[in-house]
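Hi,

Here is the structure I promised to pass on.

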Amino acid sequence: MSISEKSFEETIEAALCAGAPGQPRSVREAPAGLFEPGGYRQRPPADYDPALCLIPEDVIAFLQATQPEEWAKLKRLKREGARDSLLRRLSEEIGRRGVVDVLRKGIKDSGARFQLYYHKPASTLNPEIQQHYRANGFTVMRQVHYATRSGDAGKSLDLVLFLNGIPLFTAELKNELTGQNVTHAIRQYQRDRDPREPLFAAGRCLAHFAVDTHLVYFTTHLRGEKTAFLPFNQGFERGAGNPPSFFGYDTAYLWEQVWARDSVLNLVQNFVYRLESAGKEHTVIFPRYHQLDAVRRLLADALAHGAGQRYLIQHSAGSGKSYSIAWLAHQLSTLHDAENKRVFDSIIVVTDRRVLDQALQRHVENFEQTRGLVANIGENQHSADLRKALEEGKDIIVTTIQKFPYIVDTIGAMSQARFAVIIDEAHSSQGGETAHKMQQVLNVSTLEEAEAIDADSGEDWEDQVVEAARSRGMLPNVSYFAFTATPKAKTLELFGTRRPDGQYEAFSLYAMKQAIDEGFILDVLQNYITYQTYWNLLKKIEDDPTYDKKKATYLLKHFVDLHHITIERKAEIMLAHFDGQARHQVNGQAKAMIVTRSRLHAVRYKLIIDRLIREHGYPFEALVAFSGKVDDGGKSYTESGMNSESSGERIPESGTADAFKGERFRIMIVAEKFQTGFDEPRLHTMYVDKRLQGLHAVQTLSRLNRIYPPHKKEVVVIDFVNEVEDIEAAFLPYYDRTLLSHETDPNLLYDYEGEIRGYNLFTDDDLNAFAREYFSPNPNQAKLYRIFSPALAHFEQLENADKKACKQFLKKYVRLYAFLGQVARFQDPELEKLYYYAYYLDRLAKLEAEELPLEIIDAIDLESLRVQHTGTSRIDLKQTGATLEPESGLPQGMEDAEKEALSRIIAELNQRFGTEWTEEDQLRVIEEIERGLDTSLALRNSVAVNTPENAKLTFDDILDDLLQEMIDTHFKFYKQINGNPDLGQRFREIMYTRYRERVAPPGA
């Protein structure tokens, strides 16, 4: 059996050419509407013309077969030069307009007009179109010599796929059995595929794929080292990657389904299009896998079952819902059944996203070249306008959530017509008007009354939609397609798919965990800090020379007992933190949001914060967002009035979000506005002064999750009200992972630094050389790599267990430094240097068979991902610095620790830490843990070959895994161990001592 890359190529080529029916390839159910694989023909690379970027014979053969009259016209004019003229014209047009536009609109040459492909017709009424569609020719070519430049002579691509002689996809393949993976394929495109080559020019191909046996990534535009590759994977266990295959390669779905002939034609016809920007290279829009899969399965199910169905599409923020909705709406409008009748007469999209309305218009015009297919029934139009649009048979109608009851009434009365209603969740973000109608006539004077009233007005878009749908019944002539990232239980029940066990689930799921794993959104709980934690940290660091004592003391003096803290005191803390720690983030563009308990709270916060900004001379301003009018102290306040008065310029309520996008306003104070759909990628910090529960907590904190590459690396939440456990419980159904950690000891930085230096990978000279180059105005990547070379060479000499432990300490140091940097400034430049050095060393140092495809861009492009030096701390590059030894406190000599019986262990822990463990219950828990430890071969081997300190790293990892498994069965025990750092440390020490007594060799 061959394990070479060539064998992998041959397998893919054989599948593309043979047409053998595929089978479900994973634990996941095969998607509906499978395309018939195969049907390609194979050609030798000599048939490809690199100057034209075409297979000339395939182009001419297709045109002669499908458009003989136009070909004859060109022949009469050009005679023997017709062939060369047409090929040259085609190549030039693709280079100028892009392959998408040429395929969709064709080309003209000397009065002759040619189509370059024929899509699958929506109906079978026209036999000639059917014949042309079947004439499309697909070709696969291996080892394609693409070079036209002398420096690239001899280079070849592993795979290129052609439609009628025109290249659509290129692919670099890696077989992991040879020691290479998708990471190396990405590197190859970024470093070894010159974007100046015609085949790699923007728009020449639809996409370029990096493929191994487990993962797929793609890009639509090669930009050398700056090329960004996106995952094109199915997802596994609600996270990134692909499900394991029982029948072959995990990535076989790519060539068996995505590259299948009808799938490719469908992509060209209905998904891929070009965004034009004035003065810029055009951008090709290509669907990610979950978008393609969701839209195709929805269409297949709608075709099979007709109107009267309900679908829930649970796609996380960062999933590209605007594109998914646009693709779905357009294709539903052209969907025909077996009798060539439209499945739906009109498509109604319910959304308040102006960007979606514009995207739909642009999207449909890209495919249909016909204007007027999308009608917008906006705020100033009435139900009569909606009825008129429906009666006129408008293909796609875009309207607002406020009109949803009228929509249901109107289409219910038109029982002879069939409708698809697509509901977009992003409605309540900038409105809230309906929910606050009653409040506008109430005269509230206290914060407590205001909070109680606002807390009782939580009706949102889901409540309105569910109530309207339920009250009128599920109409048999209407299918609903509901898009949401975080469905409520009643939404899941109304629109979800019923499982055999009686529970409901989404028809299509792209989970928050997968979006985070794939890098499309940030983990908003990465730096979640409660008020108490923040206070305790400041107290710990007040006298620590590592930090800016003045800043810590200034912040600390504003803290009082949580139960007595006032709005003004909170505002002082928020502004001091934002000015000192947050506003310099995101390349100096960071913004913050203050979440308040009520509209009255928001008004008072705005008045106080404006005054504090003036008094302290802070270089930023604040906006407020709330609905309606608030009376307080004999004066009436509105959002527009407050923002206009403080800024000195007219800011209408509809302009608040746009004003916040500018540089002037850095803080937004909100009360039940911008709940979902708010898209400000520079939002970095959130201050929470409101009780959050369940879905509301998830939606509120998720305002932070938008990425802003390469500058936005993390986000921060400082919560004055909620407990860690409540936030964790709220996120757990959507996260599918352990979420939050509790308080952190700043002195761990010293401990981690000591552990890292203990591996002797680098010297102070190496660290200083790195800092001088890294913080220079024009850092040289090649020089930075040379600086890392000695450390990487030493890393390779370590045992595998030590490599793993070393990388764990590098990660822990980087994360803790970044976390603590949100609280106070560091005065020690050596810690700052080590932070940047450790960040990149961790990414460059690889374990055996380690797969880090998502981090490859981090590793190879130090400049594009360079953390910007914003002035939050100052590094004196002239200092050489001294080696910092770790402070005392690391568990040393664990093998000499006291040896106690289990009953005495429990008694000691109860006494020292106030736990209430019963001997009977906890004896069983501890014995269960020890059985798990004793069956771990990896742990036994680590103890046998490593020092006690290094072996304890492996022990801690395995013990943590065992504790995680006890969340459901022994939650109270788990919570106490992980919620009290001192208790957790002591418990680990005791358990490690007992383990070594059982298994360590004498004298170890």
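By salt bridge I mean a side-chain nitrogen of Lys or Arg within 4 Å of a carboxyl oxygen of Asp or Glu. Before you read on, note that this is a predicted model, where local features need pLDDT of at least 70 and side-chain atom pairs count only at pLDDT 80 or more, while totals for chains, interfaces and linings use all residues. Residues are numbered from 1 along each chain as its sequence is written, and side-chain values use heavy atoms, with hydrogens and water left out.

First, the overall picture. The chain has 40 helices and 28 strands; these are DSSP runs numbered from the N terminus, with helices being H or I of at least four residues and strands E of at least two. Of the 1004 residues, 57% are buried. Here buried means under 20% relative accessible area, exposed means over 50%, and partly exposed is in between, with a 1.4 Å probe and protein chains only. If you take contacts (heavy atoms within 4.5 Å) between residues at least 6 apart in sequence, 73% of them join residues at least 24 apart.

Now the charged pairs. The search of the whole structure turned up 53 salt bridges. One of them joins the side chains of E672 and K690, at 2.2 Å from N to O. E672 sits in the loop between strand 26 (665–670) and strand 27 (683–688), and K690 in the loop between strand 27 and helix 27 (694–701), so the pair links distant parts of the chain, 18 residues apart. E672 is partly exposed at 23% relative accessible area, whereas K690 is buried at 9%.

E796 and K803 also meet through their side chains, at 3.6 Å from N to O. E796 is partly exposed, with a relative accessible area of 46%, and K803 is buried at 4%.

Then there is D842 with K811, whose closest N and O atoms are 3.1 Å apart. D842 is buried at 4%, while K811 is partly exposed at 26%. Salt bridges with shared partners also join R89, E93, R96, R97, D101 and K105 into one network.

From first C-alpha to last, helix 33 reaches 23 Å, close to the 22 Å expected (1.5 Å times one less than its number of residues).

Finally, some backbone details to look at. The peptide bond from P709 to P710 is cis, with omega near 0°, and P710 lies in the loop between helix 27 and strand 28 (716–719). C53 is not a glycine but has a positive phi of about 60°; C53 is in the loop between strand 1 (41–42) and helix 2 (56–66), and is buried at 0% relative accessibility. S110 has a positive phi too, near 55°. S110 lies in the loop between strand 2 (107–109) and strand 3 (112–114) and is partly exposed at 35%.

Cheers
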